[in-house]
Every structure is written in C-alpha cells, then in structure tokens.
Amino acid sequence: MDKELLRVVIILIGMLVMIGMLLWHFFKSLRERREAGDYFDDSEYSDRLIDDFEVEEDDDEMDIFPSHDVVDGDGLLDDESIKPVPKESAKPDAVKGQSKTAYPALIEFSLVARADEGFNGEDLFDAFEHVGLVYGSVKVFERIDKNRLVDFAVASMIEPGTFPDTHLDEFYCPGIVFYMQPREVDKPLAVFDDFIETIDTLAMELDGVVWDNQRQPLTAETIAQFRQMLAR
C-alpha cells in the first residue's frame, strides 16, 4: 500500500472515531435531560404557591374591621359569639347556594412569638404535630382534609416561608403565617372555624400573639365578621 493511500485510510479512521464520540455524548446528554425532566421541580411549585396567595386590593375584605377588643392568643374562641357552630347544625345547602366570588380570596393571620429569640424549630414541629398539621412537599405545614386536599397552610415569616426538615434545634423564626383561601374549599365556614381553633391552640402552646393581615392584634370582632361573611 503506498504512503498516500495509507494516509487517507488513517484520516478516515480518525474521523469515524470522532463522529462516534460525538454521537455517544449526544445520546448520553439526551438521556440525562429526559431523566431529569421526570422529576418534580419544587422551586416552580413554590413560586406557584406564593402567586396563589397574592390578593388584589379589591379582594381584601380585612382593612374595614376595627382593631379594638384585642385577642392576644390566650383564648380566641372564649367569646360565645365566635365559637364554631357544631357540625351537625351546619346548613350545607345554604353554603352551596352562596357564590364563591362573594367570599374573600384570602384570609391571612399571623402568630408572633413573645420571646425575643422567636419560635424554635423543634417546638414548632411538636406543636404542629399536636394539632394535626402535615409537613408538605413544598416545606410548609398544611391541614389536609379527608379528600387529601389542602384546607389551609402555615408558613414561616422568614423568606421564602419554608421550614427546614433537618437541624430543627438551630432554626428560629419570629413568627408563622396562616393562609386560607375560602373560594377553594368546599365548606368555608367549617374550615375557618378549624383555622381559628388551630391558631388559638398554637398561640397558647407556643406563647404567641395573633395578628391580622394589617399587622395589628386580631380582635374577636374581626373573627365574628369573617364568620358572618362565610356563613351567608
């Protein structure tokens, strides 16, 4: 074989090797992208969760309420006028007849620690477990109904609002935020009563003060007006 033909053969073999390597890298990266696409992206879900809780001013029913008769978390449900109605006496037909657009889009209350250091992670997890809240996939706590749907959620006041699942003894936050979307639940009044009762229990267990969405102490009158609004 002359030298010129040998040189051509060597060049062709080198090109084939390079093409084979490129094809191997291409199929490998394609397979990795396909496998990565099968996993759930928590960050995207967290963004959607935060967006879901944004409310237009027209939907905010809360700044019309006065701020007297302060309730500091030592018994939100002591007043007879705001105690939950027993479930057997509820009127589901009346609730079903109510247009959901008449309900506020979002009800948001907060529980702020009296202690300067805030709430400790271990204390929070123990208290949440005691009231039956579940640690969700987006790292906030949720009340889950019998149909596995979320009735309301509890987030940390520290951005981005999530709770860690490790090193709980090292985690502290100044408070926690409770979110409820009345338009998204089947029985808004019953869920609201559970919402308030849960806040009341946690306020006493964790030693905190309950605020409304205006960062003012939550009042018995505010709770009563929300119950009246959701009972129509």
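Guide: Buried means under 20% relative accessible area, exposed means over 50%, and partly exposed lies in between (1.4 Å probe, protein chains only). This is a predicted model, in which local features need pLDDT of at least 70 and side-chain atom pairs count only at pLDDT 80 or more, while totals for chains, interfaces and linings use all residues. Residues are numbered from 1 along each chain as its sequence is written, and side-chain values use heavy atoms, with hydrogens and water left out.

Visitor: Is Phe 141 buried or exposed?
Guide: The relative accessibility of Phe 141 is 3%. Because the class of buried residues covers values under 20%, Phe 141 counts as buried.

Visitor: How many aromatic pairs does a search of the whole structure find?
Guide: Rings of Phe, Tyr and Trp (its six-membered ring) pair if their centres lie within 6.5 Å; planes under 30 degrees apart count as stacked, over 60 as edge-to-face and the rest as tilted. On this basis, the number of aromatic pairs in the whole structure is 13.

Visitor: What kind of pair do the rings of Phe 128 and Phe 141 form?
Guide: The ring centres of Phe 128 and Phe 141 are 4.4 Å apart. Their planes stand at 45°, so the pair is tilted.

Visitor: How many residues apart are Phe 128 and Phe 141?
Guide: Helices (H or I, at least four residues) and strands (E, at least two) are DSSP runs, numbered from the N terminus. Phe 128 belongs to helix 4 (residues 121-130) and Phe 141 to strand 4 (residues 141-144). The pair links distant parts of the chain, the separation being 13 residues.

Visitor: What kind of pair do Phe 178 and Phe 195 form?
Guide: Both Phe 178 and Phe 195 are buried. Their ring centres are 6.3 Å apart and their planes are at 85°, so the pair is edge-to-face.

Visitor: Which residues do ring pairs link into a cluster?
Guide: Phe 178 lies in strand 7 (residues 175-180) and Phe 195 in helix 5 (residues 188-206), so their pair ties together parts 17 residues apart in sequence. The cluster linked by ring pairs consists of Phe 109, Phe 152, Phe 178, Phe 192, Phe 195 and Phe 226.

Visitor: How far apart in sequence are the parts tied together by Asp 207 and Arg 114?
Guide: Asp 207 forms a salt bridge with Arg 114, with the closest N and O atoms 2.8 Å apart. Asp 207 lies in the loop between helix 5 and strand 8 (208-211), and Arg 114 in the loop between strand 1 (107-113) and strand 2 (119-120), so the parts tied together are 93 residues apart.

Visitor: Is Asp 194 buried or partly exposed?
Guide: Arg 143 and Asp 194 meet in a salt bridge (2.7 Å, N to O). Arg 143, at 10% relative accessibility, counts as buried. At 24%, Asp 194 counts as partly exposed.

Visitor: Where does Arg 227 lie?
Guide: The side chains of Asp 193 and Arg 227 meet in a salt bridge (2.7 Å, N to O). Asp 193 counts as buried at 8% relative accessibility, and Arg 227 is buried at 10%. Asp 193 is in helix 5 and, 34 residues apart from it, Arg 227 is in helix 6 (residues 220-231).

Methods. A salt bridge is a side-chain nitrogen of Lys or Arg within 4 Å of a carboxyl oxygen of Asp or Glu.
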